[in-house]
Structures are given as structure tokens and as C-alpha cells.
2 protein chains.
Amino acid sequence: MTLESSNLTKNQQTVLNILEKSTEPLKAYAILFDIQKKGIKSPLQVYRALDKLIEIGKVHKIESRNSYIACKHEGCNAKTSTAFLICEKCDNVTELKRNNLLSYFSKQAEKDNFQYRKHNLEIYGLCNNCKLKN
Amino acid sequence: MTLESSNLTKNQQTVLNILEKSTEPLKAYAILFDIQKKGIKSPLQVYRALDKLIEIGKVHKIESRNSYIACKHEGCNAKTSTAFLICEKCDNVTELKRNNLLSYFSKQAEKDNFQYRKHNLEIYGLCNNCKLKN
DNA sequence: GACCGTAATGTTATAATATTACATATCATA
DNA sequence: TATGATATGTAATATTATAACATTACGGTC
């Protein structure tokens, strides 16, 4: 299987389906409980599928929440770099897609003689919905 | 105890001391094992101290590594917002201190009608030392 | 098709990280 | 000295993630 192909294996496809259907990020064990009927029985099977999906850029991890989200952007640079808006009230997460972040961070890092490879940005606050409800 | 004071309790001070002496971020259980001689016996005591230290801005959590680092910056805005350079080779972590990140992210978030409160940025790559060794 | 190497799978056990629950103690201050 | 908020101690447990090992599937190539 080449890295860029969409030839996912059964377990990988099963996990991706769950994430794509979800309107919110999911935790690994939530995924596991959801799909125990589909032949996936152990945490490791989920984690392995997640690792692969992350590697090929189909899924990202929200580090501060230990949760996982399917990437909606085709052909973005998110294989390596990610940015999220995380609502602290409703836990909604949206992926920020601005390509200039990468070059901006790359320059910031260079100022400290640091060789940029990738980044993860998590912004916390209130989503539009929750702002209006207040 | 007021929030801005440096009146740390014994446990809090013990944990902070360990982190300040360390040249690298520490994990909660590493802290625990280090200080079991000083009266701290359970994970919870460490986590509670960490929570407080994070709340008052003395310590930050590196989310993607589940590790904790003492803040070297006096009076920075890091009570809420943080940015790190993380070396993938030697695991060295340095805190980025650029105040304009906050306003930059705040504006980025606004474009999506998102009300910014704080952020965490983790940049991965090679530190200067490791670059030179290659 | 037979062979080979790489990647994925299945399974059990366990490690690593973090929190709940509840009883008690400390401390500032009214 | 009574009160309320904060911190502590302790045991148990929940949550997140990986190690170890045996086996199977799959793609390329001879």
C-alpha cells in the first residue's frame, strides 16, 4: 500500500467511517465501544488504525482532549500540521485551514535557530453558537 | 491565598522546585517518584499541585507529551496561552515568548466568529544543537 | 504460481496517565 | 473562635495507551 493511496484496510476503514460520521471528535475507547460489533475487539486495533489514519492525514488528534477527528480538507498540509478552534462550552472542534500559519510558524521558529517540521495549534474559546446563546 | 501571590503551599512548592531544577519537561509520575521522600505519596498530590501551579501560570503542560515545565518568564501572558518549540530528536522544549502570537490568533479566530480565550501552540522540529550534530 | 518482505491483524496482558470519593486539616479573616 | 474556602491524605478506580508475540494478508518480482 502506498502512502498516498486510499486503499485502507478493513479496520482502518471502519474507524475512519465512525469518525467521519461523527459531528464531534471521538476518544479512542468511544470508537472501540461503537464498533465492537464490527470485529474490532481490542484497544490496540483502534490505536493502530488511528496511527495509520493520522500518518496519511485522514485523521488528526486533538492533543489536549485525547480525541480524534476526521479531516475534512482534501489535499491539505495537515499530514503534519494542524490547527483547531475548540469551544470550551460545547466541545465543538473545527479545523482551521490557513496555509499561511505554516510559513509564519516556520519563521518564528527560525528566530530561535529551530528547524521547523510541523506544528499543532489549539485555540480555546467560544464558538459562534455558544456566543449567541449567552 | 490570592491568585497572584507566591504563597505556595508545601506540596506546591515541592513540585515547583523539582520542575525548576529540571532541564527538561517532566511527567507527573516522574515527579512523584522523585519526591516520595518529601512526603508526597500519591499521584493525586502531584496532580493537585500541578493544577494549581498551572492555574497561576508558574507551570505549563506540554499537551502532546503529557509533561510539565516550569515557566521561566516573569509576568507573561502564559497563564492562559502558551507556545513551545519541541525537539523531536532530544526532546528539549523551549517556551516561545512572542506576545504578538496572541493577537494574531485572536484575529484568526475572529474570522470564524470564534471568541478567542487562550491558545496552545506546539512546534516540532530540530533544535539548534541537534541540527549541528547531523 | 512460488517466494519474499512488509504491513496489518488478533489477542492477552500490562503500563502510563489521570480522576473520584470521602474524610480531615489548615489558614485567612470576620 | 466560628466560618468558609482551600489544601491534604488515602484508597480505589477510571482512562488512555503500549508491549510482546504469534499469525495472516498482500504486493512485488523472479
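## A patch on the outside

Which residues of chain A form a nonpolar patch on the surface? In this predicted model, the patch is made up of A:Tyr29, A:Phe33, A:Leu44 and A:Tyr47, which together have about 420 Å² of accessible area. Two elements of chain A give two or more residues to the patch: α2 (28–34) and α3 (43–55).

Take A:Tyr29 as an example. A:Tyr29 sits in helix α2 of chain A.

## The core

Nonpolar side chains tend to be buried together in soluble globular proteins. Here, the largest nonpolar core has 30 residues. The members touching the most others are A:Phe105, A:Leu121 and A:Ile123, along with B:Phe105, B:Leu121 and B:Ile123. In chain A, β4 (82–87), α4 (100–110) and β6 (115–126) each give two or more residues to this core, and so do β4 (82–87), α4 (100–110) and β6 (115–126) of chain B.

Leaving out neighbours within four places in sequence, A:Phe105 contacts A:Tyr116, A:His119 and A:Leu121 in chain A, plus B:Leu101, B:Phe105, B:Leu121 and B:Ile123 in chain B.

## How the two copies pair up

Chain B can be superposed on chain A by a rotation of 180° with 0.0 Å of shift along the axis, at an RMSD of 0.0 Å. The two copies are therefore related as by a two-fold rotation axis. B:Leu121 has the C-alpha nearest the axis in chain B, 2.2 Å from it.

As for the interface, 100% of the interface residues of chain B are also interface residues in chain A, so the copies meet through the same surface.

Definitions and conventions
Residues numbered from 1 in each chain as written. Chains lettered and ligands numbered in written order. Predicted model: local features only at pLDDT ≥ 70, side-chain atom pairs only at ≥ 80, totals over all residues. Heavy atoms only, no water. Core = buried A, V, L, I, M, F, W, Y, C linked by side-chain atoms within 4.5 Å. Buried < 20%, exposed > 50% of the residue type's maximum accessible area, 1.4 Å probe, protein only. Helix = DSSP H or I, 4+ residues; strand = E, 2+ residues; numbered from the N terminus. Contact = heavy atoms within 4.5 Å. Patch = residues over 30% accessible without salt bridge, like charges linked within 9 Å, V, L, I, M, F, W, Y side chains within 5 Å. Areas by Shrake-Rupley, 256 points an atom, 1.4 Å probe, with all protein chains shown as cover. Salt bridge = Lys/Arg side-chain N within 4 Å of Asp/Glu carboxyl O. Least-squares fit on C-alpha atoms with pLDDT ≥ 70 in both.
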